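User: Please walk me through the labels used here. I want each value set against its cut-off.

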Amino acid sequence: MNSSSSDMNQSSSPFCLLGLGYSYNLNTCMLEVSVILFLTILIISGNLVVIIVFHCAPLLHHHTTSHFIQTMAYADLLVGMSCLVPSLSLLHYLKGLDEELTCKVFGYLVSVLKSVSMASLACISVDRYIAITRPFSYATLVTTCRLRVCIGLIWLYSALIFLPSFFGWGKPGYHGDIFRWCATSWQTDPGFSSFIVALLYAPAALTVCFTYGSIFRICRQHTRKITQRLARFGPQENERGEHGEGCLDKRYAMVLFRITSVFYVLWMPYIVYFLLESAGLYRHLVASFLTTWLAISNSFCNCLIYSLSNSMFRKGLGRLFKSLFTPCLELGCCTEGKKGPAPPSQRPAQAC
């Protein structure tokens, strides 16, 4: 009798991963709710701004990488919207849902969306590598049709790689551990964890390291040669243009490298804990919560870094805010002014 009553009390009381900030008046975990709601608002608002600015600033489309940036923005926006599920669950708005099914769907969805971001960053690094190493054939190699096919394959691959977790093979992550069943009954599997690392985490990280390392090495060699020519023969008109284009490519690669670096810095604690917990070496509910939501916070950091690092994006953002507070009397108020032709590596991709 006592055991049954204790089970009923345990099932009626909320499941607090952190074990702190429990409110008896609201019967909820206030600390978890505050963290998740705060991140949800930041992620949704930040990525909505990025999507709108890209829509209103055509000059941002001169970079073919804008397709991948927008893909990441849409994926991160969906991450923010899906984070409403644990928030509403903690606030007792989703009492009628099956906890096991909700946990599996939420964990799978967030894992797929973050896989899209990770694969998109790897594709961005490959795109910049081609732009630096093959500037004259870049426009024929990277076409709009190929970009769309690549983005479609990213979504398909991300959806398939985590699908085995639905059939009982492992756990895709700790995103759903806010639900009691997810944290206590759904266990990780060393085989599935190794499968994810081998087919997603490791290839993406190695691709990024190789491409950006090669880009910066080539840029240093390029800059050194131009400096030696200037010292020997003096400035010439064609070398000024070549130097300016090389610097522009390097600056844009630096912006994308910052985004990629922050992504892996925020995700590295989660990946390390994922491997340790899968191997049975370390398990702690607080660590799973903190590393998981630290990784999810990257969905906001992407748009923050891009807005701070890209001058063209800041200009488009400024015009967007100006159009919101100033009556728009002319057509095309969200369009950018015309500028000179962009370098080959930054021109819009040709159609197939």
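Analyst: Helices are DSSP runs of H or I with at least four residues, strands are runs of E with at least two, and both are numbered from the N terminus. Val255, for one, lies in helix H10, residues 237-278. This is a predicted model, in which local features need pLDDT of at least 70 and side-chain atom pairs need pLDDT 80 or more, while totals for chains, interfaces and linings use all residues. Residues are numbered from 1 along each chain as its sequence is written, and side-chain values use heavy atoms, without hydrogens and water.

User: How many helices and strands does the protein have?

Analyst: The secondary structure comes to 13 helices and 2 strands.

User: Why is Val255 called buried?

Analyst: Buried means under 20% relative accessible area, exposed means over 50%, and partly exposed lies in between (1.4 Å probe, protein chains only). Val255 has a relative accessible area of 5%, so Val255 is buried. In space, the C-alpha of Val255 is 8.0 Å from that of Ile305, although the two are 50 residues apart in sequence.

User: What makes Trp267 buried?

Analyst: Its relative accessible area is 2%, so Trp267 is buried. Trp267 is also in helix H10. Contact means heavy atoms within 4.5 Å. Leaving aside neighbours within four places in sequence, Trp267 is in contact with Lys114, His175, Tyr201, Ala295 and Asn298. Trp267 and Thr292 are 25 residues apart in sequence and 8.2 Å apart, C-alpha to C-alpha.

User: What share of the protein is buried?

Analyst: Buried residues make up 44% of the 352 residues. As for contacts with a separation of 6 or more, 78% are between residues 24 or more positions apart.

User: How do you know that Asp76 forms a salt bridge with Lys114?

Analyst: A salt bridge is a side-chain nitrogen of Lys or Arg within 4 Å of a carboxyl oxygen of Asp or Glu. The closest N and O atoms of Asp76 and Lys114 are 3.3 Å apart. Asp76 lies in helix H3 (residues 66-82) and Lys114 in helix H5, so the pair ties together parts that are 38 residues apart in sequence. Asp76 and Lys114 are both buried. By this rule the count comes to 4 salt bridges.

User: What makes Lys104 buried, and Glu100 partly exposed?

Analyst: Lys104 has 17% relative accessibility, so Lys104 counts as buried. Glu100 has 34%, so Glu100 counts as partly exposed. Lys104 and Glu100 form a salt bridge, with the closest N and O atoms 3.9 Å apart. Both lie in helix H5, 4 residues apart, about one turn of the helix.

User: How do Arg283 and Glu277 count by accessibility?

Analyst: Arg283 is at 40% relative accessibility and therefore partly exposed. Glu277 is at 7% and therefore buried. Their side chains meet in a salt bridge at 2.7 Å, N to O.

User: Why does Asp127 count as buried?

Analyst: Its relative accessibility is 4%, so Asp127 counts as buried. Asp127 is in helix H5. Leaving aside neighbours within four places in sequence, Asp127 is in contact with Thr64, Thr65, Tyr138 and Val142.

User: Why are H2 and H3 called roughly antiparallel?

Analyst: The axes of H2 (residues 30-56) and H3 cross at roughly 150° and come within 8 Å. H2 and H3 are therefore roughly antiparallel to each other. Among the contact residues are Ile43, Ile44 and Phe54 of H2 and Ile69, Asp76 and Met81 of H3.

User: How do the residues of that contact divide by class?

Analyst: Ala, Val, Leu, Ile, Met, Phe, Trp, Tyr, Cys and Pro count as nonpolar, Asp, Glu, Lys and Arg as charged, and the others, Gly among them, as polar. The contact of H2 with H3 divides into 11 nonpolar, 5 polar and 1 charged. The contact of H5 with H7 has 10 nonpolar, 3 polar and no charged residues.

Note on methods:
Axes are lines fitted to C-alpha atoms, for helices over the stretch in contact, and angles run from 0 to 180 degrees between N-to-C directions. Angles under 35 degrees count as roughly parallel, over 145 as roughly antiparallel, 65 to 115 as roughly perpendicular and the rest as oblique.
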